[in-house]
Amino acid sequence: MTRKRKMDEDHRFSDWIRERCPDSSTGYLCSDVDLVLFDRAGHVVLLEVKRYMSKIPRGQQSVLSLVDECMRVGMRELHPKWTYHGLWLLQFANTYFDDGLVFLNGKVVSEDALLHALTAFDDTGSPSQK
C-alpha cells in the first residue's frame, strides 16, 4: 500500500497559490498533474482524474499536452530504458466506483480492469500513445 495522501495540506497550498499569485487575466496560469504512476521496471504514465465526467479545461489541456510531449521526447532521448505510456484521462461519471460508471480514455472500465491497466501500464486507447 502506498502512503496516505494528506488532502488538507495539499488543498491549503493550492488555495495559497490562488490567493497570492497573479490572476489568470494577467497571463499567469497554474495547473497540476494529478498522478504520475511508475514502477521500478521503467514504465511511466501521467494520469489526470476528473469527477462528474468533467473534461480537461482548455488551459489545463494545453499545459498537459506540453508536459506529455516533453515526457515522450525526453524519455526517448534521455532515458531510453524507460517506457512512457502517455497521458491518460480517468473520468468518474459521479465521484467514485460506487456511484456511477468509470471511463479510462473514453472507454467504460470496471474497477478490476482499471487496476489492471494502471498496474500493467496497459491502455492502447491513450490518445497520446497514438
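**Pocket, sheet and cores**

The second largest pocket holds about 180 Å³ of space. This is a predicted model, where local features need pLDDT of at least 70, side-chain atom pairs count only at pLDDT 80 or more, and totals for chains, interfaces and linings use all residues. Residues are numbered from 1 along each chain as its sequence is written, and side-chain values use heavy atoms, leaving out hydrogens and water.

**Pocket**
- A pocket here is an open set of points on a 1 Å grid over the protein atoms alone where a 1.4 Å probe fits, with protein on both sides within 12 Å along at least five of seven lines.
- Its lining (residues with an atom within 4 Å of a point) includes Ile17, Arg18, Cys21 and Tyr28.
- That lining splits into 6 nonpolar, 1 polar and 2 charged residues.

**Sheet**
- Five strands (DSSP E runs of at least two residues) form an open sheet in the order β1-β2-β3-β4-β5, with mixed pairing.
- β1 (35-38) and β5 (107-108) sit at the edges with a single partner strand each, so one side of each has no neighbour in the sheet.
- β1 pairs antiparallel with β2 (43-50) over 4 bridges (pairing takes at least two DSSP bridges), and Leu35 has Leu47 of β2 as its bridge partner.

**Cores**
- The largest nonpolar core has 12 residues, including Val45, Leu47, Trp88 and Phe121; core members are buried (under 20% relative accessible area, 1.4 Å probe, protein chains only) and joined through side-chain atoms within 4.5 Å.
- β2, β3 (83-92), β4 (102-104) and α3 (111-120) each supply at least two residues of this core.
- Another core, of 8 residues, lies apart from it, with Val44, Leu64, Met75 and Leu87 among them.

Notes. Grid points are joined across faces, edges and corners, and a volume is the space filled by probe spheres set on the points. Ala, Val, Leu, Ile, Met, Phe, Trp, Tyr, Cys and Pro count as nonpolar, Asp, Glu, Lys and Arg as charged, and the others, Gly among them, as polar. Buried means under 20% relative accessible area, exposed over 50%, partly exposed in between (1.4 Å probe, protein chains only).
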